[in-house]
Structure formats: structure tokens, C-alpha cells
Amino acid sequence: QVQVVESGGGLVQPGGSLRLSCAVSGRIFSISAMEWYRQAPGKQRELVARITSGGSTNYADSVKGRFAISRDDAKNTAYLQMNSLKPEDTAAYYCNADVKEAWGSTWQDYWGQGTQVTVSS
């Protein structure tokens, strides 16, 4: 099986920074895209940032210029560097990874349990 574990969330003041990590472990042959989503209370889950296996990135308009996604394939880990945080960034942040467990298997999505980010003074 495959496990996805997020870490790095917490309470930060407006204008501050946090770095989230997403570690993928277990039976892994290959990881394709890795994504960060967030969900605030009463709102739908939204895609924040995405990085492909080739390193191409995409961001939600609301975080462009403030957030940066990266990955370390040797560690099967993705990161989300969040700068200039705003109260509206407050949400539970979830990582999603597209994983192939063996050479002949299909790609499957795996989700972590989420990490809470709270931006408040």
C-alpha cells in the first residue's frame, strides 16, 4: 500500500511563511503529478498547486507569486513553500499523489489526511 503524510502546518501571523511537506511511502514504482489542495470551512476543496514528474508547475491565481511547489524525487516528497500568508489562506491543506505501484499497474490517486494552516494575528 501507499501512504501520503502531510506535515508543516500551524498557526502563523499574516505576512508570515510556512513550508508544508508531503511524504509518500510504501509500495512505489513511480510518482507522476503531485498536488496540493486546500479546503476552508464551508467551502469546496480547491487545487492550490501542481507539479508534474518533469517539474512543470501550475498555481491557483490566488497564490501565484506567493506559493512555490517543489519535489524531491529521491525522497518521494513534495513541498509547498507559502510566503506572504493571508487570513484567507486559512484551510486544511491536502496532498495528492499519482502513484504507480508496479511496472504493469495503473496510476492511482492517493490522499493524505491533511495539515491545518491558520493565518491569524
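**Hairpin, loop and disulfide**

Strands β7 and β8 form a hairpin with 4 residues between them, and Asn76 in the turn has a positive phi of about 50°. The model is a predicted one.

Student: What makes β7 and β8 count as paired strands?

Tutor: Pairing requires at least two bridges. Strand β7 (residues 67-72) is joined to β8 (residues 77-82) by 6 bridges, so the two are paired, and they run antiparallel.

Student: Which residues of β7 lie on the covered face, and which on the uncovered one?

Tutor: Phe67, Ile69 and Arg71 make up the covered face, while Ala68, Ser70 and Asp72 make up the uncovered one. In a regular strand, side chains alternate between the two faces of the sheet.

Student: Why is Ala74 called exposed?

Tutor: Ala74 is found in the loop between β7 and β8. Its relative accessible area is 76%, and exposed means over 50%; therefore Ala74 is exposed.

Student: How do you know that Cys22 and Cys95 form a disulfide?

Tutor: The sulfur atoms of Cys22 and Cys95 are 2.0 Å apart. The cut-off is within 2.5 Å, so the pair is a disulfide. Cys22 belongs to strand β3 (residues 18-26) and Cys95 to strand β9 (residues 91-100), 73 residues apart, so the pair links distant parts of the chain. A search of the whole structure finds 1 disulfide.

Student: What is the handedness of the link between Cys22 and Cys95, and are these residues buried or exposed?

Tutor: The link is left-handed, with -75° about the S-S bond. Cys22 and Cys95 are both buried.

How values were computed: Residues numbered from 1 in each chain as written. Predicted model: local features only at pLDDT ≥ 70, side-chain atom pairs only at ≥ 80, totals over all residues. Heavy atoms only, no water. Buried < 20%, exposed > 50% of the residue type's maximum accessible area, 1.4 Å probe, protein only.
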